[in-house]
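Hello,

Here is the structure I promised to pass on to you, and below it you will find my notes on what turned up when I went through it. Please keep it open beside you as you read.

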Amino acid sequence: MAEFKVIWKRYGHEMNILIDRTQDGWHVIHATIAGDCDKGGNPYLYKNFNHDAIAYPAVLEIYMKCLWERAERGLSDEELQQQLNQLAEWVSLCERGKPKGLLD
């Protein structure tokens with residue numbers, strides 16, 4: 001099980017989503033929103049983001065699918081975690097850059 005830690009600007013701390021690669025995609029776990037997803041992370045990765053109004057790149061689904069395919073070809077657990085960290089940092093950059101005060 002890997003971690004997908006993103007900044008949660010609204011509450012000023014990180015949100016940690018657990019993610020595991022499965023035969024058909026990903027299994028995502030966070031609070032009450034969890035379940036099996038396709039290779040792009042649909043639907044539960046994005047349901048978590050949308051539920052908490054977390055900004056994320058529109059093309060994240062494409063990158064998640066590419067990462068799943070790379071892992072299928074033989075990434076180690078450590079390499080998979082490093083790649084997930086890069087994607088999570090990208091989400092965090094989007095979250096940090098969103099306008100202030102509109103959803104508060």
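**Notes on the predicted model**

At a relative accessibility of 1%, Asn48 counts as buried, because the limit for that word is under 20%. Please bear in mind throughout that this is a predicted model. Asn48 has its place in helix 1, and, when neighbours within four places in sequence are left aside, Asn48 is in contact with Met15, Ile17, Val28, His30 and Ile33.

Not counting residues up to four places away in sequence, Gln83 touches Leu67, Arg70 and Leu75. Gln83 and Asn48 are 35 residues apart in sequence, and their C-alpha atoms are 20 Å apart in space.

I then turned to helix 2, which covers residues 60-72, has 13 residues and reaches 18 Å from its first C-alpha to its last, close to the 18 Å expected at 1.5 Å a residue. Its buried residues are Leu60, Met64, Leu67, Trp68 and Ala71. Seen down the axis of helix 2, these buried residues fall within an arc of 100°, so they line one face of the helix. What covers them includes strand 1 (2-8), strand 2 (13-21), strand 3 (26-30), helix 1 (44-51) and helix 3 (77-96). Just after helix 2, Gly74 takes a positive phi of about 125°.

How do helix 2 and helix 3 lie relative to each other, and at what angle do their axes cross? The two axes come within 11 Å and cross at roughly 175°, and the helices are therefore roughly antiparallel to each other. On the side of helix 2 the contact is made by Leu60, Tyr63, Met64, Leu67, Arg70 and Ala71, while on the side of helix 3 it is made by Leu80, Gln83, Leu84, Leu87, Trp90 and Val91.

Finally, the largest nonpolar core has 25 residues, and those with the most contacts inside it are Phe4, Val6, Ile19, Trp26, Phe49, Met64 and Leu84. The elements that give two or more residues to this core are strand 1, strand 2, strand 3, helix 1, helix 2 and helix 3.

With best wishes

Terms used: Residues numbered from 1 in each chain as written. Predicted model: local features only at pLDDT ≥ 70, side-chain atom pairs only at ≥ 80, totals over all residues. Heavy atoms only, no water. Helix = DSSP H or I, 4+ residues; strand = E, 2+ residues; numbered from the N terminus. Expected span 1.5 Å × (residues − 1). Buried < 20%, exposed > 50% of the residue type's maximum accessible area, 1.4 Å probe, protein only. Arc of directions from axis to C-beta. Contact = heavy atoms within 4.5 Å. Core = buried A, V, L, I, M, F, W, Y, C linked by side-chain atoms within 4.5 Å. Axes fitted to C-alpha atoms, helices over the stretch in contact; angles between N-to-C directions. Parallel < 35°, antiparallel > 145°, perpendicular 65-115°, else oblique.
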